[in-house]
Amino acid sequence: MAATLQFVDQIASSPTVRLNLNDGTTWAGPHEGSSFKPPGLKYAEADTILNDGVYISASAYENRTLHLVLDLITNGPDTKATALRALNTELNRANNILKYQPGSTPLFFRTIRTAGYELEESPADNYTQVTVDIEAEPFAYGLRQDLGTTTVTRNPAVSNGLYVDVTGVNGDVDTPLFIYSTSAQLFSASNGPALATYIARETSPSGGVYVLQGESGTAYTDTTITASGDAAMSNGGYARTTFATDSTLTIRWTGSPSALPPAGDYRVLIRCRRSSLGGQFTIRQRNVTTSDTVITGPTVSWTESVALTCTLDLGLITTPVNGATASIGYGAATASPPLTMQIDVGRTAGTGTFDIDYVLLVPADEQLLTVASAGGTAGLRPLAVIDGPADAAYGMSSTSPFSGATVVGQTVIRAGSIPAVSPGKTTRLHVVTHVASGAIGAPADSITETLALQLAVWPRYLVV
């Protein structure tokens with residue numbers, strides 16, 4: 001089977017061909033001497049005479065060079081000039097796509113404008129050898145790989161509660177996710193508060209979600225534990241503070257996650273409930289180690305009387321808090337240290353009680369994206385899209401993002417990186433919807449709520 005070598009308009013199974021460089025009539029190749037070698041690496045180095053060697057703080061792949069040796073077969077100078085002009089047109093595009101298929105798997109290079117080529121001519125037989133070096137992005141891309149639909153629930157006590165595991169990704173290196181959903185929860189309603197969806201990446205997870213159930217903790221001032229029986233709570237239980245003797249911001253509860261999180265940074269989310277809309281509170285989290293080192297997070301105010309149940313962001317923690325090493329010498333990693341989270345709550349207005357359903361630690365080291373809608377008409381955006389390859393988030397006017405639908409007018413608030421997934425590994429996506437800022441209460445926060453996500457990638461290859 002002759003290799004396919006074509007400039008095309010898109011990465012697709014049947015793209016429009018702009019120029020065929022191996023049609024067997026005008027063009028033939030790539031021939032011996034052509035090269036699709038993998039890209040090199042570039043490094044960020046810190047060098048000092050005080051240490052041997054250099055410290056590598058970061059590395060990334062460089063662009064690759066496609067070295068092509070082609071035959072141009074023409075029957076005269078006019079057809080030759082026409083063929084070379086067609087080649088120049090494709091090389092001169094600011095961005096182009098070169099399809100290369102030596103076997104059964106098509107690969108696509110995203111190329112960059114190239115200066116020109118070299119000619120070795122044989123006038124006697126109207127034969128010209130064309131040698132061209134084309135700069136391209138580091139990776140060759142495969143056809144879109146659909147990873148299926150998964151349903152994430154808001155309840156960490158059930159299967160797929162607040163996470164989804166992604167496996168079976170093709171390619172050689174990490175590739176950004178394309179995520180879409182027809183669920184309204186992915187982007188908050190346009191006429192409501194700016195509630196965020198958190199999507200965090202964790203590679204090769206060792207445990208489940210890092211959740212601290214309210215009923216599994218230890219109660220402090222004016223707080224009691226109810227172990228079960230409440231269908232509105234994650235595991236049926238919760239910790240309730242009445243403020244009967246003390247309404248100041250003080251310790252109400254401590255707990256430890258069911259799975260010890262690896263060393264790193266985490267965002268602390270709390271799902272909480274108040275008994276009346278008039279109740280207003282201040283909340284903060286504190287990370288306490290066995291050596292009594294205490295790190296205090298920001299104080300968050302829950303003031304707006306919109307809902308009785310809300311998920312709030314209490315800021316970042318780092319574990320271990322005392323900066324203990326994750327490994328000993330050059331040996332194996334140390335075990336995760338014990339982690340105790342302390343929740344302080346004060347009541348600033350009203351007479352209501354405050355319940356802790358659960359506290360959740362969301363990984364914030366690798367890639368953590370927060371996304372929310374800040375405008376647009378709900379009826380015009382039936383599809384919410386988080387587009388990793390384009391590094392964008394938007395709404396669409398169709399229920400399928402690959403059917404040529406129109407991107408609709410919608411302002412999306414974004415922070416952080418769109419997660420990627422890894423070939424040959426399990427990538428866990430921690431997904432939490434309806435996270436509110438301190439002054440905003442979620443209009444709906446049901447523990448039975450589900451979010452249907454459809455995932456896709458374009459695999460990225462180093463080896464061709």
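User: How many bridges join strand β14 to strand β35, and in which sense do the two run?
Analyst: In this predicted model, three bridges join β14, which covers residues 178–181, to β35, which covers residues 450–457, and the two strands run antiparallel.

User: Which residue is the bridge partner of Tyr180 in β35?
Analyst: The bridge partner of Tyr180 in that strand is Gln454.

User: And what sheet do they sit in, in what order?
Analyst: They belong to an open sheet of six strands with antiparallel pairing, and the order across the sheet is β11-β35-β14-β29-β30-β31.

User: Which strands are at the edges?
Analyst: The edge strands are β11, residues 145–153, and β31, residues 407–408, each of which pairs on one side only.

User: What about β29 and β30, how many bridges there?
Analyst: Strand β29, made of residues 383–387, pairs with β30 in the antiparallel sense over five bridges, and within that pairing Asp387 stands opposite Ala392 in β30.

User: Which residue in that hairpin takes a positive phi?
Analyst: The hairpin of β29 and β30 has four residues between the strands, and Asp391 takes a positive phi near 55° there.

User: Is β30 mostly covered or mostly open?
Analyst: Strand β30 is mostly covered, since four of its five residues are buried by the cut-off of under 20% relative accessible area.

User: Switching to pockets, what volume does the largest one have?
Analyst: The largest pocket has a volume of about 680 Å³, and its lining is made up of 26 residues, with Ile11, Arg110, Asp387, Pro389 and Trp458 lying nearest its centre.

User: How many cavities of 30 Å³ or more does the structure hold?
Analyst: The structure holds two cavities of 30 Å³ or more, and about 50 Å³ of space lies in the largest cavity.

User: Which residues line the largest cavity?
Analyst: Its lining consists of Val152, Thr153, Arg154, Leu162, Val431, Val432, Thr433, Glu449, Thr450 and Leu451. Strands β11, β34 (427–436) and β35 each supply at least two of the lining residues, and the largest share, three residues, comes from β34.

User: Going to the surface, which residues form the nonpolar patch?
Analyst: The nonpolar patch is formed by Leu41, Tyr43, Val54, Ile56 and Tyr61, which together have about 420 Å² of accessible area. Strands β4 (41–46) and β5 (55–61) are the elements that give two or more residues to the patch.

User: Where is the cis peptide bond?
Analyst: The bond from Gly29 to Pro30 is cis, with omega near 5°, and Pro30 is found in the loop between β3 (27–28) and β4. Most peptide bonds are trans, and most residues other than glycine have a negative phi, so exceptions of either kind deserve a mention.

User: What phi does Ser204 have, then?
Analyst: Ser204 has a positive phi near 50°, and it lies in the loop between β15 (196–203) and β16 (210–213), where Ser204 is partly exposed at a relative accessible area of 44%.

User: And Phe243, buried or exposed?
Analyst: Phe243 counts as buried, because its relative accessibility is 4% and the cut-off is under 20%. Phe243 also has a positive phi, of about 60°, although it is not a glycine, and its place is in the loop between β19 (238–241) and β20 (250–255).

User: Last one, what does the secondary structure of the chain come to?
Analyst: It comes to one helix and 36 strands, and of the 464 residues of the chain 49% count as buried.

Notes
Residues numbered from 1 in each chain as written. Predicted model: local features only at pLDDT ≥ 70, side-chain atom pairs only at ≥ 80, totals over all residues. Heavy atoms only, no water. Patch = residues over 30% accessible without salt bridge, like charges linked within 9 Å, V, L, I, M, F, W, Y side chains within 5 Å. Areas by Shrake-Rupley, 256 points an atom, 1.4 Å probe, with all protein chains shown as cover. Salt bridge = Lys/Arg side-chain N within 4 Å of Asp/Glu carboxyl O. Pairing = 2+ DSSP bridges. 1 Å grid on protein atoms, 1.4 Å probe; cavity = no way out; pocket = protein on both sides within 12 Å on 5 of 7 lines; lining within 4 Å. Points joined across faces, edges and corners; volume = space filled by probe spheres on them. Buried < 20%, exposed > 50% of the residue type's maximum accessible area, 1.4 Å probe, protein only.
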